[in-house]
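Hi,

Here is the structure I promised to pass on.

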Amino acid sequence: MKLSIVLSTQPAQFQAATFKDNLETNLRRITALGYDGVELAIRDPKLVDLDELDRLIRECKLSVPAIGTGQAWGEEGLSFTDPDPSVRRAAIERIQSHIPVASCFGAVIIIGLIRGILKPSVEQAQAMDWLTEALRECCAAARLHGIRLALEPINRYETTIINNAVQGLELIEHVGTDNFGLLLDTFHMNIEEPSIEASIRQCGPHIFHFHVADSNRWYPGAGHLDFKSILKTLFATGYSGWVSGEFLPEPDPRTAAERNITELRQI
Ligand code: LER
Ligand code: MN
């Protein structure tokens, strides 16, 4: 099992990035804890010196399985479904600007909250059309570099657009390109899916990336999810990707990251 953990390359409001900022120190910590990779949450690739980042990642002998992009929404309000066309355009361009970073590391680009939240003046059907068009455009650009995009179903308390696996699979049908798939997150699944295992089986080969956090969004083992059963089901689908820790830095980042790896390695 290839294990990674989320690190935000800059300070961020998002609470479940276990590590934030202090790039070099945190990358060294992640390696020392025994992780094989780091999932980088990058608000804007312009803020990152890619050569320096690549050098550090190599020095730390880490892989980068995925790039998180949600802070462009969280900190700047960029969204694929905003009624303002200039905001939608900026969101599409922002995702496309992640392609060189993703290419450097062979990473999946995550589509999280940059899909947006339905604004009062926008009909759901209109939002889905904008979302589909934006994803087709981004996937076409990513395909030229062999890069895949993974949309994450996110629970109803965080967004009104794509909350569960069935909606994610419908969107895959509409977008209609094989470099578009899903990122499943056990925290969101615990809220939205009737059965986490059944939904994993249903998504099968469309699962491009996987986030783990327990029912309380602490590290696996701190809540009531059955990770033995969940991971057994995930790998039984033929999944050969990463299991990426995205949980609250509680009781502190180091302890959370350590307990996650201990729990998952024993499985
Ligand atoms: C991001 O991966 C995530 O899980 C969301 O909760 C972001 O708000
Ligand atoms: Mn997640």
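This is a predicted model: local features need pLDDT of at least 70, side-chain atom pairs count only at pLDDT 80 or more; totals for chains, interfaces and linings use all residues.

Residues are numbered from 1 along each chain as its sequence is written, chains are lettered from A and ligands numbered from 1 in the order in which they are written, and side-chain values use heavy atoms, with hydrogens and water left out.

The manganese ion (ligand 2) is held by Glu152 (OE), Asp185 (OD), His211 (ND1) and Glu246 (OE) at 2.0 to 2.3 Å. Donors here are N, O and S atoms within 2.8 Å of the metal (3.2 Å for Na, K and Ca), and since water is not among the atoms, sites may look incomplete. The six donor atoms subtend angles of 71 to 175°, which makes the arrangement octahedral (six donors, opposite ones over 155 degrees apart and all others between 65 and 115). Along the chain, the donors follow the spacing E-x32-D-x25-H-x34-E. Glu152, in the loop between β6 (149-151) and α7 (165-175), and His211, in strand β8 (residues 207-212), link distant parts of the chain, 59 residues apart. Helices (H or I, at least four residues) and strands (E, at least two) are DSSP runs, numbered from the N terminus. Both Glu152 and His211 are buried, that is, under 20% relative accessible area with a 1.4 Å probe, protein chains only.

Now helix α6 (residues 124-143): its 20 residues should span 28 Å, and its end C-alpha atoms are 28 Å apart, which agrees. The expected span is 1.5 Å times one less than the number of residues. Buried residues in α6 include Trp130, Leu131, Leu135 and Cys138. Among the elements covering the buried residues of α6 are α4 (85-97), α5 (99-105) and β7 (180-185), with contact meaning heavy atoms within 4.5 Å.

Of its 28 lining residues, Phe14, Gly70, Gln71, Leu113 and Glu246 are the closest to its centre. A pocket is an open set of points on a 1 Å grid over the protein atoms alone, with protein on both sides within 12 Å along at least five of seven lines; lining residues have an atom within 4 Å of a point. α3 gives the most to that lining, with three residues.

Cheers

Methods: Four donors count as tetrahedral if all angles lie between 85 and 135 degrees; four count as square planar and six as octahedral if opposite donors are over 155 degrees apart and all others between 65 and 115; anything else is irregular. Buried means under 20% relative accessible area, exposed over 50%, partly exposed in between (1.4 Å probe, protein chains only). On a 1 Å grid over the protein atoms alone, a cavity is a set of points where a 1.4 Å probe fits but cannot get out, and a pocket is an open set with protein on both sides within 12 Å along at least five of seven lines; lining residues have an atom within 4 Å of a point.
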